[in-house]
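Subject: Structure for you, with notes

Hello,

Here is the structure you were waiting for. My notes follow below it.

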Amino acid sequence: MNDSLALAAALAREYEGLSLRPYLCPAGYWTIGYGNRCLADGSAVTARTRPITRQQAEDLLISTLTGLLPKLRALIHVRITLNQEAALLDWQYNLGTSAIAGSTLLRLLNSGQTIAAGEQLLLWDHMHRNGRLVRVPGLTRRRQAEWHLYVGATGAGSSAPSSPTPSNPTDDLNAAELSRVKENA
């Protein structure tokens, strides 16, 4: 398993939790394992889905992330770090490929605005509930963890993100932007 898959899987495990029986997620979807909406055979999880084992849940998580990674890479047209890829992969796992494909985050990233793109992660902490968009504390924590990973912070509890490891010349241009983010954190 490559490093970005391992990092994204760790985030998914932490923030999705594990349920070996089908359950309704806060967004109202039937899920199983680490928040999977589909089983290994591609069938949708329903209330009648049979329980799975811990190993099946783990295999399903890795299989899903492995399937999402080429879709993510096809959308990104600039070089990014493994940490950035892992953070975006967890975000994609949580929200779906269509969310990232049409996002401001992707537009900013592909235009070379690496830090501004990463800041967009922090905005995705809401969900629709009873026809209203509400902030969800669990999503806020997850997006903060993704942000910290994205910028290369050493721990999710860090008070200020550290600079990402430059992967291309545009990261150097984002140094002032990162300083601004740190000052406002």
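What percentage of the 185 residues of the protein chain count as buried? The figure is 43%. Please keep in mind that this is a predicted model.

Overall layout

The protein chain has 9 helices and 4 strands. Read from the N terminus, the order of elements is α-β-β-α-α-α-α-α-β-β-α-α-α. Of the contacts between residues at least 6 apart in sequence, 54% join residues at least 24 apart.

Helix α3

Helix α3 covers residues 82-95. The distance from its first C-alpha to its last is 20 Å, close to the 20 Å expected for 14 residues at 1.5 Å a residue. Of those 14 residues, 10 are buried, and the helix is mostly covered. The buried ones are Q84, E85, A86, A87, L88, L89, D90, W91, Q92 and Y93. Their cover includes the helices α1 (3-16), α2 (54-75), α4 (97-101), α5 (104-110), α6 and α7. After α3 comes G96, with a positive phi near 100°.

Helix α7

Helix α7 takes in residues 137-151. Because 11 of the 15 residues are buried, α7 is largely enclosed by the rest of the structure. The buried set consists of L139, T140, R142, R143, A145, E146, W147, H148, L149, Y150 and V151.

How the two helices meet

At what angle do the axes of α3 and α7 cross? The crossing angle is roughly 155°, and the axes come within 7 Å. An angle over 145 degrees counts as roughly antiparallel, and therefore α3 is roughly antiparallel to α7. On the α3 side, the contact involves N83, Q84, A86, A87, L88, D90, W91, Y93, N94 and L95. On the α7 side, the residues are L139, R142, R143, E146, L149 and Y150. Sorted by class, this contact has 9 nonpolar, 3 polar and 4 charged residues. Residues three or four places apart in an α-helix point the same way, because there are 3.6 residues a turn.

Two loop residues

D125 sits in the loop between α6 (114-121) and β3 (126-129). Is D125 buried or exposed? Its relative accessibility is 3%, and buried means under 20%, so D125 counts as buried. The D125 side chain makes a polar contact of 2.7 Å with the side chain of R135. Leaving out residues up to four places away in sequence, D125 touches V134, R135, V136, L139, T140 and R143. Of these, L139, T140 and R143 are among the buried residues of α7.

N130 lies in the loop between β3 and β4 (132-135). With 76% relative accessibility, N130 counts as exposed, because the cut-off for exposed is over 50%. Most residues other than glycine have a negative phi. N130 is a residue other than glycine with a positive phi, near 55°.

Regards

Notes
Residues numbered from 1 in each chain as written. Predicted model: local features only at pLDDT ≥ 70, side-chain atom pairs only at ≥ 80, totals over all residues. Heavy atoms only, no water. Expected span 1.5 Å × (residues − 1). Buried < 20%, exposed > 50% of the residue type's maximum accessible area, 1.4 Å probe, protein only. Axes fitted to C-alpha atoms, helices over the stretch in contact; angles between N-to-C directions. Parallel < 35°, antiparallel > 145°, perpendicular 65-115°, else oblique. Contact = heavy atoms within 4.5 Å. Nonpolar A, V, L, I, M, F, W, Y, C, P; charged D, E, K, R; others polar. Polar contact = N/O pair within 3.5 Å; in protein donor to acceptor, adjacent residues only side chain to side chain.
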